[in-house]
Amino acid sequence: MEKKLNNLIEDFHKLFCKAEELILKKNAGSLTLNEFRIIKTIGTQKILITDLSQIFHITTGAILISLNNIEEKGFLEKIQDEDDRRKIYVRLIDKGLERIQSHNNAYKKIISETTQSISAEELENMEEYFGK
């Protein structure tokens with residue numbers, strides 16, 4: 001049973017990666033994979049640049065390079081803290097939010113189409129395992 005479950009998880013992971021790759025090719029446009037992961041992490045929140053660098057385990061300078069590129073492409077804006085000018089937040093603007101929504105819709109469609117070939121028992125096993 002453990003081997004079967006392990007294979008199921010590996011298959012699901014491969015499927016997830018393939019879906020992500022296909023969606024990015026179709027919908028990411030001018031964004032690189034890393035840039036897209038950054039805007040996906042930002043989502044609907046306003047987040048400090050230093051917090052983003054910690055999430056991605058990279059330096060603030062490195063994340064800033066990516067954020068500058070994303071900003072130039074029109075997906076986000078930087079906001080300086082009014083009380084502490086050293087703190088800079090980023091948030092997505094409409095174009096960034098639309099890109100994430102488009103990605104989510106495409107991802108749901110691919111997952112729905114793919115899971116049609118998975119038996120009800122396999123889906124229940126996945127739900128039981130991942131729902132813990």
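**Stop 1**

Select E128, which is exposed, with a relative accessible area of 58%. This is a predicted model. E128 belongs to helix α6, which covers residues 120-130.

**Stop 2: the whole chain**

Zoom out and colour by secondary structure. The protein chain has 6 helices and 3 strands. In sequence order the pattern is α-α-β-α-α-β-β-α-α.

Along them, the C-alpha atoms of the protein chain fill a box of roughly 55 × 30 × 20 Å. The radius of gyration of the protein chain is 18 Å, whereas a compact globule of 132 residues would have one near 14 Å.

Switch to a surface. The protein chain exposes about 9,100 Å², and carbon and sulfur atoms supply 50% of that area. Of the 132 residues, 29% count as buried. Among contacts in the protein chain with a separation of 6 or more, 56% are between residues 24 or more positions apart.

Then show the charged side chains. There are 20 positive and 22 negative ones in the protein chain, and the centres of the two sets lie 4 Å apart.

**Stop 3**

In soluble globular proteins, nonpolar side chains tend to be buried together. Hide the surface and select I42, L52, L67 and V90. These residues have the most contacts inside the largest nonpolar core, a set of 16 residues. To see where the core comes from, select α2 (33-42), α3 (49-56), α4 (60-72) and β3 (88-92), each of which supplies at least two of its residues. The element that gives the most to this core is α2, with 4 residues.

Centre the view on L67. Which residues is L67 in contact with, leaving aside its neighbours within four places in sequence? Show I38, I42, I49, L52, L76 and V90: L67 is in contact with each of these.

**Stop 4: the loop between α3 and α4**

Select H57, found in the loop between α3 and α4. H57 is not a glycine, yet its phi is positive, at about 55 degrees. Is H57 buried or exposed? With a relative accessible area of 71%, H57 is exposed.

**Stop 5: helix α5**

Move on to D94, which is placed in helix α5, residues 94-115. D94 has a relative accessible area of 57%, so it counts as exposed, the cut-off being over 50%. D94 and D11 are 83 residues apart along the chain, and the separation of their C-alpha atoms is 35 Å.

How values were computed: Residues numbered from 1 in each chain as written. Predicted model: local features only at pLDDT ≥ 70, side-chain atom pairs only at ≥ 80, totals over all residues. Heavy atoms only, no water. Rg over C-alpha atoms; globule rule 2.2 N^0.38 Å. Buried < 20%, exposed > 50% of the residue type's maximum accessible area, 1.4 Å probe, protein only. Contact = heavy atoms within 4.5 Å. Areas by Shrake-Rupley, 256 points an atom, 1.4 Å probe, with all protein chains shown as cover. Lys, Arg positive; Asp, Glu negative; His and termini not counted. Charge placed at Lys NZ, Arg CZ, Asp CG, Glu CD. Core = buried A, V, L, I, M, F, W, Y, C linked by side-chain atoms within 4.5 Å.
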